[in-house]
Amino acid sequence: MNNNQNDKKAVVFDNSGTLLERYRVIKDIANDELITNINSMTLIDNIGSAALAILQFNTSILVNLDPNMLISDLIEEYDIEINVSYSQGDLSKDEILEIIKNDKAVIKDISDCFPLLKEKVPNMELCNGSALILDLLEKRIGYTITSAGQLFPNVKSTIATLQDRNIDVFIASGDRSGAISKLANIIGIDESHAFPTASTKRKGEIVTNLKNDGYKVMMVGDGPNDVVAFNNADVATLTIEQKGDYSEKLIKYDYIIKDISEILKINF
């Protein structure tokens, strides 16, 4: 670290919607409908008791598989790791897996999203992968999500300027490990500073741990899964560069920005 021990500063970024302009296709399984005009966090909030389960695998393998294969069988056969990045219920991982195991959703419920996503992001920089929204009350997979995106225009220059100022940069994201590792390389930060599949609670812990290490910390995010980190940070910055709805759960923030580069004007 180049910072003096008594003057260490860190900026912790969420990824999707903060560093990356996300494009997301959601499939409503019950209604066999593709959705592109709603934020997944807003959708989860609307359900009332739901969880976002991230599938830790490269979704390109699905192209060569039987589209009618159960998602539960896919997870078992390919030993796919599942991480819950956001949840409104206090379910264990085993309980989450049990919901998926008993559901009839199939690979096609994920791959149906591919053509529309490719149309929206023909030159995608990063594929965040796929996830499931679980309805915890009905104990079923309500929706699948497939997402990809491109960096917002001023991300790389903003990161470089922060580093020139001896401010350490971190990522705390609910997205899968492979995507966050690749993102760290793209924007020029050490992979040890990138924390993937971070739940709402985990993001808060990351901020707290940095503060315990002597950092003054700014958290930059855009969704309800950032709220604990916002509360724990010295400075909370809400970004609205990604157009969309913003949950009222984000009740505490110190600054609001429309372009990522605006954080360079914040003295903290």
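Student: How many bridges join strand 2 to strand 7?
Tutor: This is a predicted model. In it, strand 2 covers residues 20–28 and runs antiparallel to strand 7. Within this pair, V25 stands opposite T146 of strand 7. The number of bridges joining the two strands is nine.

Student: Why is strand 7 called largely enclosed by the rest of the structure?
Tutor: Strand 7 spans residues 140–151. A residue is buried when its relative accessible area is under 20%. Strand 7 is largely enclosed because its buried residues number 10 of the 12.

Student: Is S40 buried or exposed?
Tutor: S40 sits in helix 1, residues 40–47. Leaving aside residues up to four places away in sequence, S40 touches R24, I26, I133 and I145. The cut-off for buried is under 20%. S40 has 4% relative accessibility, so it counts as buried.

Student: Which strands are the edge strands of the open sheet of six?
Tutor: The sheet is parallel, and its order is 9-8-1-10-11-12. An edge strand here pairs on one side only. That leaves strand 9 (194–195) and strand 12 (255–257).

Student: At about what angle does helix 7 run to strand 8?
Tutor: Helix 7 is made of residues 177–187. It lies across strand 8 (168–172) and strand 9. Its angle to strand 8 is about 155 degrees.

Technical notes:
Residues numbered from 1 in each chain as written. Predicted model: local features only at pLDDT ≥ 70, side-chain atom pairs only at ≥ 80, totals over all residues. Heavy atoms only, no water. Pairing = 2+ DSSP bridges. Helix = DSSP H or I, 4+ residues; strand = E, 2+ residues; numbered from the N terminus. Contact = heavy atoms within 4.5 Å. Axes fitted to C-alpha atoms, helices over the stretch in contact; angles between N-to-C directions. Buried < 20%, exposed > 50% of the residue type's maximum accessible area, 1.4 Å probe, protein only.
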